[in-house]
Amino acid sequence: MTVLVLGSTGSTGRRVTRQLRDRGLTVRAASRHGDVAFDWTRPESWAAAVEGVSAIYVMAPDGVPVKPAFLDQAVAAGVERLVLLSTMHPEEIGDHRLVAAESAVRAAGTSWTVVRAHWFDQNFDEGFFQPAIQAGELVIPLADQRQAFVDAEDIAAVAVEALTGDGHHGATYEVTGPDALTFGEAVAIIAKVTDRDISYQGTPEAYLATPGADQAMLNYFTNQLTLGDSTPTDTVERLTGRRAIPFAEYAAAAAKTGVWTP
C-alpha cells in the first residue's frame, strides 16, 4: 500500500513517515515544502498527492481547516482509509476547526479513524513552550490541573496501527501518556534533567501579563479547566503492545540534545 502523510515535516507527521517506512511501506511524504507539495489552500496541489494512494494520515496546521472537498477528491481517487489527527475533547474546549474536521472525515464515505491526542510532550522542546523553557519560566493559565502529556512517538504509533491494521474503522482513540502531571510537575522534571532553575506560573493574571497573551486565548484555556484532571488511557499499550513513554523518559532524552540550553 501507499500511504500519503500530510504534514510530513511536523512533530507527528515525520514520525508517522519514519514508522511506516520502517515497516517497509511506501510513503508519500507531503507538506508545503516537502518532497511532495501539498497545501490545504491550493486545491491544484491535491490531485497529484492522492493519486495511487491507499490511505491518508490527515492533519492540518493549527488554524487551517480540513477541507471536505479534499476528502471527497481523495475518496473519488480510490483512497480506502483516512486517519485524522485531532485533539482531546474538541467539543468541550470549543475547537470548532477540529470538530468540523472529525465530522468531515466521518462523512467522507470510506474507512476512517480519529486519533484524539492530549498535550504533546514535544510542545516543550519542538513547539511553542520551548522558548519559555529555554528562558526559564513557563506561564500557562491551567493552575494545577493534571495533564496526561503524550509523546509524539506514541501518537504516531497509534496512527500507524490505524493506517495499516484491521478493526479500526469507526474508532475514536484517545491517546495519552501513562501519567497525569501538572504543568508545574512537568516543568520541575525538565528543571531536574537540565540542572536549571525553571519556574511555572499558572494564574490568569500571570498569563495576561505575558507578551502576546489576550482574553480570547485565556478563555480557551479556561474552557479546558472545566474538564478537570486528565485520566491516562491505555490506548498506546492496547494498540501497540508496549507501554506509553513516560514524561520523565522523554525529558531526559530531550535534555541530551541541548535544546533547552540558554
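1. The model is a predicted one. The unreviewed UniProt entry carries the annotation "domain: NmrA-like" for residues 2-211.

2. Arg-97 belongs to helix H4, which spans residues 96-106. Apart from neighbours within four places in sequence, Arg-97 contacts Ala-60, Pro-61, Asp-62, Gly-63, Val-64 and Pro-65. With Ala-60 there is a polar approach: a polar atom of the Arg-97 side chain lies 3.4 Å from the backbone oxygen of Ala-60.

3. The aromatic pairs in the model number 21. One of them joins Trp-119 and Phe-221, which are stacked, with 6.4 Å from centre to centre and 10 degrees between the planes. Trp-119 sits in the loop between strand E6 (111-117) and helix H5 (130-135), whereas Phe-221 is in helix H9 (residues 215-225). The pair thus links distant parts of the chain, 102 residues apart, and both Trp-119 and Phe-221 are buried.

4. Phe-124 and Phe-183 form a tilted aromatic pair, at 6.1 Å centre to centre and 45 degrees between the planes. Because Phe-124 lies in the loop between E6 and H5 and Phe-183 in helix H7 (residues 183-194), the pair ties together parts that are 59 residues apart in sequence.

5. Are Phe-124 and Phe-183 buried or exposed? Phe-124 has 0% relative accessibility and therefore counts as buried. Phe-183 is likewise buried, its relative accessible area being 0%.

Note on methods:
Residues are numbered from 1 along each chain as its sequence is written. This is a predicted model: local features need pLDDT of at least 70, side-chain atom pairs count only at pLDDT 80 or more; totals for chains, interfaces and linings use all residues. Side-chain values use heavy atoms; hydrogens and water are left out. Helices (H or I, at least four residues) and strands (E, at least two) are DSSP runs, numbered from the N terminus. A polar contact is a pair of N or O atoms within 3.5 Å; within protein, one must be able to donate a hydrogen and the other to accept it, and residues adjacent in sequence count only if both atoms are side-chain atoms. Contact means heavy atoms within 4.5 Å. UniProt positions are given in the numbering used here, feature names are shortened, and annotations may be inferred rather than shown by experiment. Rings of Phe, Tyr and Trp (its six-membered ring) pair if their centres lie within 6.5 Å; planes under 30 degrees apart count as stacked, over 60 as edge-to-face and the rest as tilted. Buried means under 20% relative accessible area, exposed over 50%, partly exposed in between (1.4 Å probe, protein chains only).
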